[in-house]
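User: Hi, I have a protein model open and I'd like to talk through it. Can you take my questions one at a time?
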Amino acid sequence: MGLRRFSQIRWQRRSTIWLLACCTAWAWNYRHVPLVDAAEPAKPATPVALNSIGYLPWAPKFATVSGRGTAFEVRDSMSHEVVLHGTLAPVDKSIANDDTATIADFSALQRTGRYRISVAGVGESAEFRISADLFNWPFYCVMKAMYLTRCGCSVDAQLGGVTYRHAPCHLEDAFLDFAGGHPGARKDGVGGWHDAGDYNKYTTNGAFTVGMLLQTWEHFGERLKSLTLDLPESSNSTPDFLDEVRWEVEWLLKMQAPDGRVYHKLSTRTFGGFVLPEAETTPRYFSPWGTAATASVTAVAAQSSRVFRPFDVAFADRCFAAAKNGYAALETNPQEQAPDLSMFSTGQYGSSDVDDRVWAAAEMWETTADAKYLRDFESRILKLPPRQRRLPANVVASDWDWRDLRNLATFTYVLSKRPGRDPELLKHLQEAIVHGSDEIVEVAHRHPYERSLGEKYYWGCNGTLVRQAMNLHVARLLTGNEQYDIAILSSLNHVFGRNPFGRSFVTGLGHCPPTAPHDRRLGQPTNRNPWPGYLVGGPWPTARDWYDDREDFRTNEIAINWNGALIYALAGFVRAEEFGQSIADAKNAMPATSQGK
């Protein structure tokens, strides 16, 4: 994620003891990286902040205005006709961090078209659309971003009128020097996705991302199964969405040793420079194994077995064999085994294995119906360390990422159609999901930008913000309450522009998106355009601390686990019947140029 060692830290912004300690801890826990200098924080692009992608016709529509206005107008971008006007409403000043902030409610506007909001004496918004197929193109772009993250092959795609490509990379992955092999011994570890702004591959985060995407399929598969994503595999009989997921699953299976144990990561020993991936030729190594990696790959293999079975029985069988092998390794090693990563200064991704084991048990039970795995899940789930203490059961997290997988396990359990679950535990977990989701909705409702994390800012908080869509959608499935769908849209509104910057946090999409993400592919003079479809981590420690600077990995890096969460949040609003036409229209509207090698 970063570039230099901690000894090179120079902290020039807010150099308080608390902030330095906080930032150092986050940097170590995510990857062993330093803090960096950066330019001034990004400036707001417009005083009228809204979702610059747009709004669904039926959805509530709000903009946050920073400035001393009293009324607003909505104009058609083509005719300049005023189609709606209204009075600005006050916000909770204790939360706003801006004593001039007000709200424009234009929910009454439902007509398809392109519009802008203007506020006399303050300014004008970015252009936005109202359309039923609004999220088709963003979904396509974010999925293509996963394809463009592929390792071990060439990639070539055109997005936004620009061609992005690189040559085959990292074809020597990887050596076993630090994983019990003889010096120079090699095992096939080619493939998978580059993890983030660096080109290394981390098993636990890869498995977590796949887990989110497989649940995306299980929750929205009917919407996704017919979508064409223009992948090299598009002509086969497997849906394109699953073809992309399989690219990472295949690599995760390679990370398993013959005895079922799983190597924690595949990495260079130190972070590489800003070059295209094929130019990074430094040797890469398997790290030692760990129980967290073993359990998370076991979970993914079990889930993949059932998801892919209708399309490829042989692959499903291979996944299930890996899942059984992994579970046996966990039984043989009941105590946590943390990998020795002392020979690496790249990402650590270290965490306890207790939640990974719970997830493995849940997926094995859902795949097999074997009561052995059900008992394992039910005996472990309530023993996990507590999360939000106000919930009726301390097992469901509203604020979660790769280091806490309990939600993936819990969602599988509560949505299962299999008999035999403990009725009291099931009720307990359902109530926890609904109660936690209600709190998410309430926090968003009180916030001037409808940000469901309120004023909590930290490394990768944009990813968490959209990941809460998983909690909200499961609550929607349990209750039928549409307020949860609206809360998911509020989070999408935020990352696409309804934030204090009035800018999109997703490269290549929306108004004034990030121009300099922390992405090593931008290290060459020919790479002027950020590779599109990637959610950046977002501001911290405060709402104003976002630095659109390539060096600032703290706030402006990309990562597969953040994109995986964004894919889930978008998937529920895809219009499959109009998808092909939406993509064709978007492509035809843009000129063609070339990017990359």
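Predicted model: local features only at pLDDT ≥ 70, side-chain atom pairs only at ≥ 80, totals over all residues.

User: How do the residues lining the second largest pocket divide into nonpolar, polar and charged?
Analyst: The lining has 11 nonpolar residues, four polar ones and four charged ones.

User: What volume does the second largest pocket have?
Analyst: About 340 Å³. Its lining has 19 residues, and those closest to the centre are Phe-62, Ala-444, His-445, Arg-446 and Glu-450.

User: Which helices and strands supply at least two residues of that lining?
Analyst: Strand 6 (89-90), helix 11 (423-446) and helix 13 (483-495) each do.

User: Now cavities. How many of 30 Å³ or more are there?
Analyst: The structure holds six. The largest cavity has a volume of about 90 Å³.

User: Which residues lie nearest the centre of the largest cavity?
Analyst: Thr-149, Ala-196, Arg-521, Tyr-534 and Ile-558 do, out of 15 lining residues. Helix 3 and helix 15 (560-571) are the elements that give two or more residues to this lining. By type, the lining of the largest cavity has eight nonpolar, three polar and four charged residues.

User: Let's step back. How many helices and strands does the protein have?
Analyst: It has 16 helices and 16 strands. The protein has 597 residues, and 61% of them count as buried.

User: What share of the contacts with a separation of 6 or more comes from residues 24 or more positions apart?
Analyst: Those residues account for 73% of them.

User: Pick a helix. Which residues of helix 16 are buried?
Analyst: In helix 16 (residues 579-588), the buried ones include Phe-579, Ser-582, Ile-583 and Ala-586. They lie on the same side of helix 16, because they cover an arc of only 95° around the axis.

User: Why would residues three or four places apart point the same way?
Analyst: An α-helix has 3.6 residues a turn, so residues with that spacing, three or four places, point the same way.

User: What covers the buried residues of helix 16?
Analyst: The cover includes helix 3 (136-148).

User: Which strands does strand 4 pair with?
Analyst: Strand 5 (residues 82-87) is one of its partners, antiparallel over five bridges. Strand 8 (residues 113-119) also pairs with strand 4 in the antiparallel sense, over four bridges. Arg-75 has Val-82 as its bridge partner in strand 5. In strand 8, Arg-116 stands opposite Arg-75.

User: How many residues sit between strand 4 and strand 5 in their hairpin?
Analyst: Five. In that turn, His-80 has a positive phi of about 65°.

User: What about strand 11: which face is covered?
Analyst: Strand 11 (residues 155-159) has Val-155, Ala-157 and Leu-159 on its covered face. Asp-156 and Gln-158 are on the uncovered one. Strand 11 runs antiparallel to strand 12 (residues 162-166), with five bridges joining them. Val-155 stands opposite His-166 there. The hairpin of these strands has two residues between them, and Gly-160 takes a positive phi near 60°.

User: Is Asp-156 buried, partly exposed or exposed?
Analyst: Partly exposed, because its relative accessible area is 41%, while buried means under 20% and exposed means over 50%.

User: What does Asp-156 touch, leaving aside neighbours within four places in sequence?
Analyst: Asp-156 is in contact with Tyr-147, Thr-163, Tyr-164 and Arg-165. The C-alpha atoms of Asp-156 and His-166 are separated by 6.8 Å, with the two residues 10 apart along the chain.

User: Last topic. What is the strand order in the open sheet of three strands?
Analyst: The order is 13-14-15, with antiparallel pairing. Strand 13 (201-202) and strand 15 (285-286) stand at the edges with a single partner strand each, so one side of each has no neighbour in the sheet. Two bridges join strand 13 to strand 14 (residues 265-267), and Lys-201 stands opposite Leu-266.

Notes
Residues numbered from 1 in each chain as written. Heavy atoms only, no water. Buried < 20%, exposed > 50% of the residue type's maximum accessible area, 1.4 Å probe, protein only. Pairing = 2+ DSSP bridges. 1 Å grid on protein atoms, 1.4 Å probe; cavity = no way out; pocket = protein on both sides within 12 Å on 5 of 7 lines; lining within 4 Å. Points joined across faces, edges and corners; volume = space filled by probe spheres on them. Nonpolar A, V, L, I, M, F, W, Y, C, P; charged D, E, K, R; others polar. Arc of directions from axis to C-beta. Contact = heavy atoms within 4.5 Å.
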